[in-house]
Amino acid sequence: MSKERSEQELVRIEKLNAFRGRGIAYPNDQQLSHTCDEALQLGGGAPAEGYTDRICEVAGRIVALRRMGKAAFCHIQDRSGRIQFYLRKDDLSEAEFADFKTMDLGDIVAVKGFPFTTRTGEVTLHLHEIRLLVKCLHPLPEKWHGLQDVETRYRQRYLDLIVSPEVKKTFADRARIISEVRKFFDEQGFIEVETPMMAPLSSGATAKPFVTHHNALDLKLNMRIAPELYLKRLVVGGVERVYELGRVFRNEGLSTQHNPEFSMIEFYQAYATYETCMDQTEALVGRLCERVAGKHTFDFNGCTVSTEGPWPRLTMKEAIYQLGEVSREYDLETLASVHAAAESVGCHQVLGIEEWGAAFYELFDAYVSPKIVNPTFITRFPMIVSPLSRTSDDDPRFVDRFELFVAGMELANAFSELNDPEEQRRRFESQVAAKQAGDDEAMDLDEDYITALEYGLPPTAGEGIGIDRLVMLLTESASIRDVILFPQMRPRSNRGADNNAGSSETVSLSVQN
């Protein structure tokens, strides 16, 4: 059933049908000589009479339109930016000017002319040709109001990109960040690989997987929650520096920091420790700050974040004291002490946890981590919440692990890898018992991974860094949805599924033509 069209949409369709009737709708033979930015550069310093010998053929979407009887000023926008053009009836054929009178905001046009400088100092193209390439059938939002409906921004990202140049810049910066991340590891001799996105087991992180089914094999498969175990198999095989940058999938809720599919990089390095990873992470982020953001201070998540190093390295216990301002009268060495400390600061969810390490971690995670502003490495995690990490030599209750926090947000997680196959089996079995008891985020036991460890995993350190959260910080974006082109959305109650949310009905229709 076709959707009901607005009056403005019907008018635009009628205009398109007139072009169809003449057999000139949707041409595909247009040649260009310049982008908008190149035309601006070519016209730099042009006099009022113009550089009549510098002819530019550019194309783009009309994003501003001011008619003045027999003349008009317009702005068109392409991948490089915007440029203004000026046209007069006397400079065009009668048919071209008649066609122009039917053009609207949002139409994609090709124009040809020479650059001149207006009285206000703006380089402008003086046209002698204009041609409609694509008719836009929906009105654009008012340029002075922009796209105000946040839901529409995410559901109709194409519209967001059309009307908001800063959004396009965010995703251009994202591409540069990813490129620089790859360069960083490539320069250190790491090899980029691709590992399976579907697997019969769910391991490598504690998270609930998405489950799918392979019909030909009649096999239940899990979308990967992490590539970790496959990457460590490669280290066993002699690929001693390896990384993967790609998507992972976790069946969790939506928030400003969570999307069920997201991008991360995981890297593994033989003959390194988690402390090696700390040095690499600080160097990587510093490089991105300089090469992409051009600064080390960011307004993010309601606070001012400085990425200038060196970054603090605190044990979890010390962070609870220093950053959480929990009294040192609680030694945090027993479950009773952790419960007492939690009660003293009103962190009541800890009180229902009956295992010391899990309660200790929850006190930090729920009460202390939101208070961290500048990049801070938190080390010495309880073993119970770290099933793949190497046990600390001086205290078996802890592991050689860190997490990096910035503005209350976990940005990276790393550890010296557990390479003892017998201990790994015991940890997997504990995870399986937890899953059988109802923990749907616990891992499966991966027998082949245990076999790989039995062949010998050299002393190795590994780390995962959330790309989306890294982009959030470096672009000062408040929500993960601002840095993912097509984030997961809840269905609109009156529209069915998200992928049917393409109408412009939520967009302002008051456009001056």
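How many bridges join β8 to strand β9, and which way do they run? Select residues 219-223 for β9 and 211-214 for β8. 4 bridges join the two, and the strands run antiparallel.

This is a predicted model: local features need pLDDT of at least 70, and side-chain atom pairs count only at pLDDT 80 or more, while totals for chains, interfaces and linings use all residues. Residues are numbered from 1 along each chain as its sequence is written, and side-chain values use heavy atoms, with hydrogens and water left out.

**Stop 1: the sheet**

Helices (H or I, at least four residues) and strands (E, at least two) are DSSP runs, numbered from the N terminus. Two strands pair if DSSP finds at least two bridges between them. The open sheet of 3 strands has the order β7-β9-β8, with antiparallel pairing. Now pick Thr 212; Leu 221 in β9 stands opposite.

**Stop 2: the cores**

Select Ile 177, Val 181, Phe 185, Ile 265, Leu 288, Phe 402 and Leu 404. These have the most contacts inside the largest nonpolar core, which has 43 residues. A nonpolar core is a set of buried Ala, Val, Leu, Ile, Met, Phe, Trp, Tyr and Cys residues joined through side-chain atoms within 4.5 Å. Buried means under 20% relative accessible area, exposed over 50%, partly exposed in between (1.4 Å probe, protein chains only). Helix α8 (274-293) gives the most to this core, with 8 residues.

Centre on Ile 177. Leaving out residues up to four places away in sequence, Ile 177 touches Leu 288, Val 292, Leu 470, Val 471 and Leu 474. Contact means heavy atoms within 4.5 Å.

Next, select Ala 319, Phe 381, Phe 398 and Phe 405. They are among the 26 residues of a second, separate core.

**Stop 3: helix α11**

Select residues 356-368. The 13 residues of α11 should span 18 Å at 1.5 Å a residue, and the end C-alpha atoms are 17 Å apart, which agrees. The expected span is 1.5 Å times one less than the number of residues. Buried here are Trp 356, Gly 357, Ala 359, Phe 360, Tyr 361, Leu 363, Phe 364 and Val 368. Their cover includes α9 (316-322), α10 (335-344), β15 (376-382) and β16 (398-406). At the N-terminal end, Glu 355 is the cap: a side-chain oxygen lies 2.8 Å from the backbone nitrogen of Gly 357.

**Stop 4: salt bridges**

The structure holds 39 salt bridges. Each is a side-chain nitrogen of Lys or Arg within 4 Å of a carboxyl oxygen of Asp or Glu.

- Glu 151 and Arg 155: 2.7 Å, N to O. They are 4 residues apart in helix α4 (150-155), about one helical turn. Glu 151 is partly exposed at 33% relative accessibility; Arg 155 is buried at 14%.
- Arg 153 and Asp 160: 3.2 Å, N to O. Arg 153 counts as buried at 17%, and Asp 160 as buried at 0%.
- Glu 318 and Arg 328: 2.6 Å, N to O. Glu 318 lies in α9 and Arg 328 in the loop between α9 and α10, so the pair ties together parts 10 residues apart in sequence. Glu 318 is partly exposed at 23%; Arg 328 is exposed at 51%.

Finally, select Glu 180, Lys 183, Glu 187, Arg 287 and Arg 291. Salt bridges that share partners join them into one network.

Conventions:
Polar contact = N/O pair within 3.5 Å; in protein donor to acceptor, adjacent residues only side chain to side chain.
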